[in-house]
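Please look through this note with the model open beside you. It covers charged side chains and how they pair.

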Amino acid sequence: MKAAVLHAPYDIRVEELPDPQIAEPTDAIIRIAAACVCGSDLWPYRGIQGVDRPTPMGHEYCGVVEEVGREVRTIKPGQCVIGSFAASDNTCARTVQ
Ligand SMILES: [Zn+2]
């Protein structure tokens, strides 16, 4: 899959990353239709916050559910979903591969 990856301030690269896998029973895999830059991405982009390692960007998105882990109860494959801080229940850490 293609991903926008922040390597250092003002250094964003489009790279090929491995396809996602269900690792935890609460995971979901979403086929992204559109994603955007979040305000929290601008801190490391501008160098105000450090960049420890290459970090995929675009955690605000909409797309279609492809697969869910066995403990996921509220969404199922084929549904259109929106991922945003406003809809987060904070049970999952920000995912970074
Ligand atoms: Zn965000």
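1. Glu-16 is exposed, and Lys-2 is exposed too. Here exposed means over 50% relative accessible area, buried means under 20%, and partly exposed lies in between (1.4 Å probe, protein chains only).

2. This is a predicted model: local features need pLDDT of at least 70, side-chain atom pairs count only at pLDDT 80 or more, and totals for chains, interfaces and linings use all residues. Residues are numbered from 1 along each chain as its sequence is written, and side-chain values use heavy atoms, with hydrogens and water left out.

3. How many salt bridges does a search of the whole structure find? It finds three. A salt bridge is a side-chain nitrogen of Lys or Arg within 4 Å of a carboxyl oxygen of Asp or Glu.

4. Glu-16 and Lys-2 form one of them, at 3.3 Å from N to O. This pair links distant parts of the chain: Lys-2 sits in strand β1 (residues 2-8), Glu-16 in strand β2 (residues 11-16), 14 residues apart. Strands are DSSP runs (E, at least two residues), numbered from the N terminus.

5. Asp-11 meets Arg-13 in a salt bridge, 2.8 Å from N to O. Asp-11 counts as partly exposed because its relative accessibility is 22%. Arg-13 has 38%, so Arg-13 is partly exposed as well.

6. Arg-31 pairs with Glu-66; their closest N and O atoms are 3.1 Å apart. Again, distant parts of the chain are linked: Arg-31 is in strand β3 (residues 28-36) and Glu-66 in strand β5 (residues 60-68), 35 residues apart. Arg-31 has 54% relative accessibility, so Arg-31 counts as exposed. Glu-66 is partly exposed, at 39%.

Terms used
Helix = DSSP H or I, 4+ residues; strand = E, 2+ residues; numbered from the N terminus.
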